[in-house]
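User: I'd like to learn how to read a model like this one. Could you walk me through it, a feature at a time?

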Amino acid sequence: MALSVDIQKRLGNFELQVKFETAEGMLAILGASGCGKSMTLKCIAGIETPDRGRVVLDDVVLFDSEKHINLKPQNRKVGYQFQQYALFPNMTALQNVMCGVREGNRQEKRQKALAIIDRLHLNGCENKKPSMLSGGQQQRCALARILVNEPQVLLLDEPFSALDAHLRFHTERQVENIINDFGKTVLFVSHDRDEVFRLTDKIAVMENGHLKTMGEKHEVFKDPSTIGGAILTGCKNISDAEILSPNRVFAKDWGIELSVGEIPEDFRGVGIRMHDVKLLRHNGDHQASAENAFHCKVIGEIENPFSCSIMLRPDGKEGERYILVDLNKERWNEIRSEYLDVCLPSEKILLLK
Amino acid sequence: MISTVVVFFLGLFFAYYIAKVPRVLKGILDVILTLPLVLPPTVVGYLVLRLVGPRRVLGKFFLAAFGFTIPMTWWSAIIVTVVVIFPLMYRTARGAFESFDNTLMYSGQTLGLSNSFIFWRIRLPYCKQGIIAGCVLAFARALGEYGATSMIAGYIPGHTATISTTVYALWKNNQDAEAFKWVLINIAISAIVLLAVNLLERREKQKGVTA
């Protein structure tokens with residue numbers, strides 16, 4: 001069970017160039033909207049045709065531009081869940097699922113469809129039209145229709161984005177179980193880092209039609225390695241930077257010098273997550289001794305449901321951007337001052353390409 | 001009536017394929033196919049006559065192959081109405097097809113459904129409203145067609161007469177009562193068709209809600 005993809009496709013100014021391989025289990029592609037995630041899935045499913053390249057699923061060549069192989073979507077055994085589910089509006093849930101059964105007479109198809117409807121807890125919805133189903137039911141109905149089709153690979157295109165936030169978490173758990181039972185390759189595409197982190201172990205970050213980083217999820221979140229990756233994984237503090245010496249850089253947007261670890265090639269900027277910025281006692285005692293410590297002016301605060309984000313600017317600098325720090329509300333209410341001393345621990349600074 | 005059925009399939013066929021062709025070609029084909037709607041009926045009649053008249057290309061072929069001429073027969077009336085009402089069906093059907101959500105087709109394809117199944121069972125029902133509207137318009141126009149029909153099929157009572165040509169002929173001959181009878185028949189047919197369409201639509205809607 002493996003999927004290997006190596007494709008190129010040009011669309012106006014946009015160039016899609018994707019190359020990856022994955023075994024069974026789930027791989028998430030994390031990317032902003034319009035970065036080519038869905039296009040990649042469509043190329044695998046055969047809905048779009050790449051300009052060049054190869055797509056191979058379990059030793060079956062689905063597409064090969066050199067050998068002129070291009071299987072019809074009907075023959076690819078690919079299960080594709082669309083963002084809006086794409087249930088057939090003129091059919092009932094049961095008829096929709098029956099459309100997915102590939103073989104058998106009417107009676108057998110009906111039996112199979114009913115079995116999977118039962119497995120996905122859709123009992124009672126059989127004779128309803130999709131418009132009468134709730135968002136979660138529609139989603140499971142679409143999954144049922146795909147699973148009954150017995151695909152070799154499952155492609156999920158933003159499967160939760162059409163659901164209300166409070167439904168999402170619950171549905172996510174259900175889908176997780178279904179997918180674990182499926183046991184084959186699953187490609188999951190999303191722009192939501194929390195969703196991706198909760199559901200998968202392996203993450204690939206996609207930017208502008210190119211796959212940038214791919215790896216185990218903790219690794220990717222710890223070292224997103226590119227500026228785009230840092231943004232996608234939720235890093236709020238990012239600044240362009242210049243190298244000063246082997247272990248020192250100048251963060252242009254903040255107007256400060258920082259000591260850092262080993263600087264990678266093609267270095268472009270630094271970043272630090274909001275919760276990694278350390279608050280020093282504000283009387284200034286430790287200021288001189290701590291590395292990367294700065295005396296900062298508070299220029300604003302943003303209240304979140306359970307915390308406060310404080311906007312800081314290093315004192316005396318006129319940088320464009322501010323540094324955001326996450327504080328819990330009680331702590332901030334205790335301190336409440338015009339100036340804060342913070343430290344950006346060098347081991348927590350992300351060095352980005 | 002028969003012309004409506006013919007146009008139903010013809011219009012669908014063209015609308016489906018033309019919705020898919022490249023833009024420039026689409027524009028040109030669009031103009032050609034919609035032209036009969038804009039041209040005066042007599043002009044359309046004249047053009048069709050030129051095409052199928054006994055001494056013209058197609059007419060000659062028919063004469064040689066089947067031994068009869070097309071104009072002045074009952075089915076010449078059908079041919080000419082098809083030409084006249086075709087644009088109505090084609091236009092509305094194309095509009096309906098273009099509003100179709102293509103992801104439905106894609107998902108059908110990945111599920112292994114054949115393209116003809118997708119067309120008849122998913123695309124047509126989805127575009128039903130527009131297609132029914134096209135049929136009604138086409139039928140209405142077919143019923144009211146006079147100019148082109150009278151040029152090609154003429155008026156031979158009981159043979160090539162349509163309601164509209166009958167009414168005109170009767171009125172011209174001062175048979176006012178007779179003419180009025182046909183007028184009433186015409187109104188009745190039109191009303192029944194429109195009523196049937198309305199009922200059909202309402203039932204569909206209810207089915208959607210209660211099912």
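User: How far apart do the C-alpha centres of domain 1 of chain A and domain 2 of chain A lie?

Analyst: Some ground rules before that. This is a predicted model, where local features need pLDDT of at least 70, side-chain atom pairs count only at pLDDT 80 or more, and totals for chains, interfaces and linings use all residues. Residues are numbered from 1 along each chain as its sequence is written, while chains are lettered from A and ligands numbered from 1 in the order in which they are written. Domain bounds come from an automatic or database domain assignment; here chain A splits into domain 1 (2–231) and domain 2 (237–352). Their C-alpha centres lie 39 Å apart.

User: How many residues does each domain of chain A put into the contact?

Analyst: Two residues are in contact if their C-beta atoms, placed from the backbone, lie within 7 Å. By that test, domain 1 of chain A gives seven residues and domain 2 of chain A gives six.

User: And how many residues do chains A and B bring to their contact?

Analyst: Chain A brings 22 residues and chain B brings 14. Helices (H or I, at least four residues) and strands (E, at least two) are DSSP runs, numbered from the N terminus. On the side of chain A that touches chain B, β7 (78–81) and α2 (93–100) of chain A each supply at least two residues. The top contributor there is β7(A), with three residues.

User: Now sheets: what is the strand order in the open sheet of five strands in chain A?

Analyst: Strands of a sheet pair through backbone hydrogen bonds, either parallel or antiparallel. Two strands count as paired if DSSP finds at least two bridges between them. In chain A the order is β16-β20-β17-β18-β19, with antiparallel pairing. At the edges sit β16 (278–280) and β19 (323–328) of chain A, each pairing on one side only.

User: How many bridges join β17 and β18 of chain A?

Analyst: Seven bridges, in the antiparallel sense, between β17 (residues 293–303) and β18 (residues 307–314) of chain A. For one bridge you can look up yourself, Glu303(A) has Cys308(A) in β18(A) as its partner.

User: Which elements make up chain B?

Analyst: Chain B has eleven helices and zero strands. For burial, count neighbours: a residue is buried if 20 or more other C-beta atoms lie within 10 Å of its own, exposed if 12 or fewer, and partly exposed in between, with C-beta atoms placed from the backbone. Of the 211 residues in chain B, 34% are buried. Among chain B contacts between residues at least 6 apart in sequence, 70% join residues at least 24 apart.
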